[in-house]
Amino acid sequence: MVALPLELGAETVLVAAVEVVLIGELHELYGRPAEGDARARAGAYLTSWTRQRAVESGPGGGGLIATLGSAGVNALRRRVTRRLARNVSSAAPLLLGAGLAARSNRKATGQLAEAVLADLRATGLRAPGRG
């Protein structure tokens, strides 16, 4: 039970990292990668994840502090709080809790992907090989 908060924190960070990579891959698929070097692209995809919108074209977003401004920090805090609240009640039967968390993570990741795809599709670009 002592390690539970650390495990939940690590799991939340890993899920967030997978979702940021998903956003980057969706942008690459639609031929709209973020501009700049690897660090700038990572910041743009992190901003996209925080806002749950496609990366805006044009000059950069102002770095990590601007990316995780008050809105981003609040969004991250809400996600972590919801995640902890969801898993604390299921901590006793750990296997059941892990299964429920995996299901909700999959659903939330799918919703994130659909939101970003809707933004990408709104620009009229099509994925390669799809039309």
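1. The largest nonpolar core of this predicted model has 17 residues, and those with the most contacts inside it are Ile23, Leu26, Tyr45, Trp49, Val116 and Leu120. A nonpolar core here is a set of buried Ala, Val, Leu, Ile, Met, Phe, Trp, Tyr and Cys residues joined through side-chain atoms within 4.5 Å; buried means under 20% relative accessible area, exposed over 50%, and partly exposed in between, with a 1.4 Å probe and protein chains only. In soluble globular proteins, nonpolar side chains tend to be buried together.

2. At least two residues of this core come from each of α1 (4-29), α2 (38-51) and α5 (94-122), and α5 gives the most, with 5 residues. Helices are DSSP runs of H or I with at least four residues, numbered from the N terminus.

3. With the same exclusion of residues up to four places away, Ser48 touches Ile23, His27, Arg53, Ala54, Val55 and Val116.

4. How many salt bridges does a search of the whole structure find? The search finds 1, a salt bridge being a side-chain nitrogen of Lys or Arg within 4 Å of a carboxyl oxygen of Asp or Glu. Asp119 forms a salt bridge with Arg53, and the closest N and O atoms are 2.8 Å apart. Asp119 lies in helix α5 and Arg53 in the loop between α2 and α3 (63-67), so the pair ties together parts that are 66 residues apart in sequence.

5. Around Asp119, the contacts are with Arg32, Arg53 and Ala54, not counting residues up to four places away in sequence. The C-alpha atoms of Asp119 and Gln52 are separated by 9.5 Å, although these residues are 67 residues apart along the chain.

6. A note on the basis of these values: residues are numbered from 1 along each chain as its sequence is written, and side-chain values use heavy atoms, with hydrogens and water left out. As the model is predicted, local features need pLDDT of at least 70 and side-chain atom pairs count only at pLDDT 80 or more, while totals for chains, interfaces and linings use all residues.

Note on methods: Contact = heavy atoms within 4.5 Å.
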